[in-house]
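Dear colleague,

I am passing on the structure we spoke about, and below it you will find my notes on what was found. Please read them with the structure open beside you.

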Amino acid sequence: MPLTDQEFAELTERAASIRCQIADVTGWSGGAHIGGSLSMTDIITLLYWKYLRIDPARPDWEDRDRFVLSKGHGGVGHAVVLAERGYFDREALRSFNETDSMLGMHLDSNKVPGCDASTGSMGHGLSQAVGMALGARVLKKEWRVFCIIGDGESNEGSIWEAAMSAAHYKLDNLIVFQDRNHLMIDGPTEDVMSLEPLADKWRAFGFETREVNGHDLHALSEAIEFAIDHKGSPVMLLCDTIKGKGVEFMEGKPEWHYGGLNADQIAKAKASIRSED
Amino acid sequence: METASTLTWTIYDADKMTQREIYGIVLTDLGKQHPEIVGLSADLAKSTKIGTFGDAYPDRFFNFGIAEQNMFGAAAGLAKAGLTPFVSTMSAFASMRACEFVRTDICYQNLNVKIIATHGGMSFGSGGATHHANEDLSIIRAFPNLTVICPADTIETAMAVKKCMEITGPVYIRIGRGFEPRIYESEDYGFEVGKAHELRSGTDLTILATGNTVFHAVQAADIMQERDGLSVRVLNMHTLKPLDEEAVIQALLDTRRLLTVEDHSVIGGLGSAVADVIAASGKGCAFNKLGIPDTFCPHGNPEDLMHLYKIDTDGIIEKVGELMQRDFEEDEDWEDEV
């Protein structure tokens, strides 16, 4: 079902709110991976508010869909989403990165309600997602596994090991999003270590692959519904995104991979996010 | 073959099987009682014998090809799903190729994954340094949450594989390539994870051995008892972590001379673990470590390599002789403690 006008409006507002909160936490915490959190915001918002079969009151509900943030440095974005979705009190975000906080740069699944996998080191999450999808098959469960990987992350050989195994075992309960924001710490992905032709690579690795604008909620929604219905192979939704999306002074700038924000910058960031609404 | 859950069959068959073969059979046996067990291999199903499980339970067995990193990451995901993965590959690859996946995906999340690492130490002698695992214990002993077991023979392998199911959390069981001589006659000798097993009592010196060197320690102790009247205690330190510190301290107080033996580097394995306990105790003693020195080993027959590095019966006897001559400073309250 295409997004209704009301859903579109609500999701758009939700995504803007998530982006503003990411800016807040980046300020409170002294620094965070804001660029890559903003690039994946529309994808993760759509998942958590429309497609994931979850129950925030029961984070360990056995039959829930799983979500793995393989690009674990997006932890600040994931934390905001989990709080907003009701897994824990938003107040917890204020102590992000503090020594006794349950929240930090890379989320710890043993501490953070709703976080299905501890990630952070690149190239680990997709393998865990493969295991969860295989687990559903062994246990004859209907849960699906949604996983967001980075583009820079895909320099890691383990991503392709995981891809091979997902295709080999025909894991059609696994849907992978690649947050193709084109930037990594040292610069554009194609300068640091070229990934293209990326869609061809995923197809060659046995993934049903769709290229989609990762900020177009209608297009994303359509792609996700295609992926959910697809049988016989895992699906890759190659999402074209902008690093720092929504904050004009960050968009497309590798230096905003990680950074801190002062009060003025937070205000400026929020104004920029709201101006896009 | 009868594979009753009592494992009594091992008495008849242990002599004819390798640690790997026993592992495959015991795991298959456990698979009957535990539908949550799944088996994972990285193109070594035949070599590590986990294929025995795979033949019995094809729907619960996954070959990941030669891709150990992904295999251990996927094992974490399977454990997250509520299953109990048994993951087999050679020790060198489990501890080094897939090191970070074992540490971060499995140990950090404290997941119920059982790692059966075969071809430990120099047991794949002809494979050369690429296939020797002389560093695995140093590396993985530093991982929080991980239990580390090095069974001494086939029966102990069966016990370790069976008992690891009682541990909630990750376990690393290091076994050899095969043909380890048998030490135990039956499975009712009192194997307990984390508790050293005293194979010989003694008051002059203690040999603390692990894995395939335990057999040589026992032989050496028996020869020295008969030939020299030396009373040598032999402790089978099958669990490297958590280490049975009590048994080490008792041996220290009782015998004041200790020798560790392992098919592993002298850096970071059993010897280092025991040395830590001794140093912390503040007691003077004569202590030495037998193991692989800080070197890459040549290709060769495992028995020849063990002889070369003096971790066989002859080498242990030689080192015990040296250690018996060594002076050490006795502290003032020594008599009180004995």
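Two strands are taken to pair if DSSP finds at least two bridges between them, and helices (H or I, at least four residues) and strands (E, at least two) are DSSP runs numbered from the N terminus. This is a predicted model, in which local features need pLDDT of at least 70 and side-chain atom pairs count only at pLDDT 80 or more, while totals for chains, interfaces and linings use all residues. Residues are numbered from 1 along each chain as its sequence is written, and chains are lettered from A and ligands numbered from 1 in the order in which they are written.

In chain B, 7 strands make up an open sheet of mixed pairing, in the order β2-β1-β3-β4-β6-β5-β10. Because β2 (61-63) and β10 (239-241) of chain B each have a single partner strand, they stand at the edges, with one side of each left without a neighbour in the sheet.

Strand β1 (residues 37-41) of chain B pairs with β2(B) in the parallel sense over 3 bridges, and L40(B) stands opposite F62(B) in β2(B).

As for the two chains, 23 residues of chain A are in contact (C-beta atoms, placed from the backbone, within 7 Å) with 26 residues of chain B. On the side of chain A that touches chain B, the elements giving two or more residues are α5 (125-138) and α6 (157-168) of chain A, and α5(A) gives the most, with 10 residues.

With best wishes
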